Amino acid sequence: MTHLNFVTLDVFTSTPYKGNPLAVVFLPEDPAQALNQHQKQILAAEFNLSESIFVHPVIEGTKRTIDIFTTDCEIPFAGHPTIGAASWFLTHSANPADGAGITTLATKSGDIPISIQDGATKYVAAQIAHNTRIHAARFPVKELLRLHPTLAPYFPKKDVTFPLFSVVKGMSQLFIELESLEALAAVTPATGGEFVSSSQYLDEGWQVGLVCVYFIVRGVWDDVLGKKVTRARMMLGPLEDPATGSSASGLAAYLSLTEGQPGQDLDYHVVQGVEMGRRSDIGVGVSLDSEKKIEKVVLTGTAVSVSEGKVLIPRA
């Protein structure tokens, strides 16, 4: 075998060329032809998308194993690859072994239960792992405006601070709540491509991974859905991401912990990527127990198939 089959999906959308693109590469059935991590990394860099996934051959009837790669490294979990994989197996794949009988995605972060939430619109749901932390430090507005000076007109007060939160260790967010879509449109990538320092702002023992800066405006009327949503943009140093399931999940978990009530089930709808021309619709449900601890976080969304083909296997 010299080539592998692949497809690309646009995730968190039902419209091609919206949402967040994902490459799905199918690994060889023959164990003797298995790819090593270096080969997978080369392919992920070639696709040059925020993430690519590699689908392992079927071993268990109800479980599918995936590896998730950015252009630089393998990561244990990310939101849009998880929803993309769930959507592929449950609603797109022509393989008779796939379909509604699959209940689990196996990832480096652990097993993730998946299901079809609404068969008519082909929404899929993934119950993601969580180990939440509201960090003691808060991010000062002075530092925000150093990184994002275009927001200066929207923060006349200089004593404002912002929360930092981890939905799991290694996946952290800085939440910047804005008052208007005008302010959201003014957001630019960080000056000089600088990243928020996890070692400086996260609690001891949690200082791993990257900190996504998640800009949000709550209570925005959305004509497409006919209801109020949270509008968002995510910046990671020099880059903007059109759909960030992990950040949306972190936001929903944080709001549930700080504003929810014991025993409450809360639903959030985040619309991200509009300013990039790649609208993404991200759903998150959070369930709190009687002690106001998070019982589960369920990420929901759709995906649409855009392309398919074959890609040359890199040399080992």
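This is a predicted model: local features need pLDDT of at least 70, side-chain atom pairs count only at pLDDT 80 or more; totals for chains, interfaces and linings use all residues.
Across the interface of domain 1 and domain 2, eight residue pairs are found in polar contact, with both partners at pLDDT 80 or more.

Let me turn to the elements involved. On the side of domain 1 that touches domain 2, two or more residues each come from β1 (3-11), β2 (20-26) and α2 (79-92). Of these, α2 gives the most to that side, with three residues. As for composition, the residues on the side of domain 1 that touches domain 2 comprise six nonpolar, six polar and two charged.

Next, the charged interaction. How many salt bridges are counted between domain 1 and domain 2? The count is one. Asp 10 forms a salt bridge with Arg 278, and their closest N and O atoms are 3.2 Å apart.

Now to the domains themselves. The protein chain is divided into domain 1, which covers 3-116 + 303-312, and domain 2, which covers 133-301. To the contact, domain 1 supplies 14 residues and domain 2 supplies 15 residues. Between the C-alpha centres of domain 1 and domain 2 the separation is 26 Å.

Finally, the extent of the interface. The size of an interface is often expressed as the accessible area lost when the parts come together. Here, about 1,100 Å² is buried between domain 1 and domain 2. Carbon and sulfur atoms give 57% of that buried area.

To close, I return to the two polar counts: eight residue pairs in polar contact across the interface, and one salt bridge between domain 1 and domain 2.

Definitions and conventions. Residues are numbered from 1 along each chain as its sequence is written. Side-chain values use heavy atoms; hydrogens and water are left out. Domain bounds come from an automatic or database domain assignment. Contact means heavy atoms within 4.5 Å. Buried area is the accessible area (1.4 Å probe) that two parts lose on being put together, summed over both. A salt bridge is a side-chain nitrogen of Lys or Arg within 4 Å of a carboxyl oxygen of Asp or Glu. A polar contact is a pair of N or O atoms within 3.5 Å; within protein, one must be able to donate a hydrogen and the other to accept it, and residues adjacent in sequence count only if both atoms are side-chain atoms. Helices (H or I, at least four residues) and strands (E, at least two) are DSSP runs, numbered from the N terminus. Ala, Val, Leu, Ile, Met, Phe, Trp, Tyr, Cys and Pro count as nonpolar, Asp, Glu, Lys and Arg as charged, and the others, Gly among them, as polar.
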